Amino acid sequence: MAQIRRASQTSEEKQSSEGELIEAAPLPTPLPKTQLAILLLVQMPEQLTASVIYPFVNQLVRSTGITGGDERKTGYYAGLIESLYYAVEAVTILQWGRVSDRIGRKPVILVGLFGVTLSMVSFGFSNRFWMIILSRCAQGALNGNIGVVKSTMTEIADASNVAQAFAWLPLAWGTGYTLGFLIGGVLSDPAAKWPNTVGHYPLFHQHPYFLPCIVAASVSTFSWLITLVFFKEPMRSTASKSGSVSHSDNTKKSPVRAATIHYKPADTQIDTLPHTLDEAEIASPVSCSLESTRTDFRAILIPGVIIPVLHYGLLCFVDQCMLVLIPLMYSTSRSLGGLGFSSNTIGLVMSVWSMFNGMIQVCMFPRLLRKFGPKRLYIMSFAFFLITFSTFPLIGYMAKRKMEAGMWLIICVQFVAYVVAYIPYSCIILYINNGAPSKDLLGATNGLAQMLGSVMRAVGPTVVSSLFALSLEKNLLGGTAVYWIMCTIVMVILGFSTYLPKTLTWASL
């Protein structure tokens with residue numbers, strides 16, 4: 001009988017604990033859809049204005065005369081244009097965030113959108129190399145809204161729905177890239193494409209790349225108007241404004257669910273554990289104490305943070321090299337191992353890839369993550385960069401011999417492999433958040449990753465475009481040395497990826 005009573009008591013205790021767990025896990029509060037949609041609209045022009053030049057940047061460089069008529073030197077100058085944007089952005093992005101902490105998010109967002117609009121118009125009118133450089137630098141300096149938008153999204157959400165809010169960001173990025181590639185490819189040099197209509201206007205003869213730039217600037221202007229009229233400055237908590245949080249014995253607790261996620265090589269198990277957050281913490285889930293964050297910044301310099309952040313930087317480097325090589329190789333004449341594509345064809349091809357990539361990432365990543373776990377998925381998908389780089393020589397070989405069907409088949413294989421090679425971004429974001437020593441240091445951890453990513457994106461174009469030009473000038477490995485160097489770098493990074501942890505325990509905000 002005593003055993004029966006004890007079993008009954010144990011059963012009652014379990015039911016009670018389960019009831020407490022249900023109470024501690026309320027449904028997510030609804031997101032402010034209008035404000036979230038505006039923030040996504042603000043974010044989209046950043047990717048659009050950054051990518052709109054890729055389909056025609058190599059033709060633009062040649063038209064300035066800076067190469068002296070030597071097509072092989074194009075890579076040096078195109079890489080500089082592409083690198084300076086990210087280099088300047090890396091220097092200014094944190095400063096824009098600090099200014100927004102003082103004067104508010106909305107003014108900084110408006111200034112950023114207005115500055116991007118002016119710099120894109122300036123870029124469209126540029127027909128000298130130094131003018132192109134200045135316009136691109138101005139665009140990078142004024143295009144720091146990505147950090148401000150992330151902060152604002154945190155402020156309009158709470159601990160129960162902040163992850164849901166951030167899940168929409170890739171949609172804005174993908175839409176921006178797709179539109180940028182499409183606009184840059186289709187609308188470049190319109191006087192030559194439509195001589196009977198647009199060709200009547202001298203402006204488009206003198207500035208053949210003004211039209212895609214002004215269209216991109218118009219999107220930024222539209223976002224500026226919507227933000228000015230409809231966006232509401234988020235109300236930040238007193239704790240956030242004062243820079244500190246006061247904890248007392250009478251602090252009220254609000255029950256919120258936290259998840260411990262154990263990733264295994266073959267499957268993923270999610271165990272739900274109760275967790276309580278202070279009201280002040282819910283109001284500012286990413287960072288409750290600016291002073292504490294500054295004081296404890298050295299706490300993120302640990303292997304659990306440094307290793308995934310370094311992987312993020314290396315991933316940005318390799319991805320940016322691929323993104324630069326595609327239009328550079330595709331626009332190079334076939335006699336030099338390229339494809340001789342027009343900016344129109346390049347833009348269409350890259351926009352199709354971007355649309356396909358966005359849909360696959362949203363639909364397939366969760367399933368693949370559950371099946372393989374983050375480490376195996378990261379390594380397997382990153383290895384597909386070997387296919388993307390090694391197919392360049394084969395594509396050039398087929399183009400030289402006018403094997404059009406085979407050439408397009410390999411191009412399709414290359415872009416499918418590039419879609420798979422994009423999956424590591426989602427994996428490494430999990431590792432970065434998992435590595436943060438505490439919730440209060442999530443902002444600093446992600447800020448470190450964002451800065452390193454921008455630096456590596458600045459280095460990548462200069463390095464790979466210079467290697468491309470050098471391979472052609474010196475005829476290294478038949479002009480294909482750059483591709484095999486990139487394959488070697490990918491293999492080295494794959495070896496370094498073995499240091500990533502096999503399991504993750506990540507507490508949801």
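Helix 4 bends by about 35° at Thr92, where the bend is the angle between axes fitted to the seven residues ending there and the seven starting there. This is a predicted model, in which local features need pLDDT of at least 70 and side-chain atom pairs count only at pLDDT 80 or more, while totals for chains, interfaces and linings use all residues. Residues are numbered from 1 along each chain as its sequence is written, and side-chain values use heavy atoms, without hydrogens and water.

Back to helix 4. The helix covers residues 74–103, 30 residues; helices here are DSSP runs of H or I, at least four residues, numbered from the N terminus. From first C-alpha to last, helix 4 reaches 43 Å, close to the 44 Å expected at 1.5 Å a residue, the expected span being 1.5 Å times one less than the number of residues. Gly104 follows helix 4, with a positive phi near 110°.

Next, the salt bridges. The structure holds three, each a side-chain nitrogen of Lys or Arg within 4 Å of a carboxyl oxygen of Asp or Glu.

Arg457 pairs with Asp319, closest N and O atoms 3.7 Å apart. That pair links helix 22 (residues 442–473) to helix 16 (residues 303–331), with Arg457 and Asp319 138 residues apart. Arg457 is buried at 14% relative accessible area, and Asp319 is buried at 1%; buried means under 20%, exposed over 50%, partly exposed in between, with a 1.4 Å probe and protein chains only.

Arg334 and Glu404 have their closest N and O atoms 2.7 Å apart. Arg334 is partly exposed at 26%, as is Glu404 at 32%.

Finally, Arg62 bridges to Glu71 at 3.9 Å between closest N and O atoms.

Technical notes: Helices (H or I, at least four residues) and strands (E, at least two) are DSSP runs, numbered from the N terminus.
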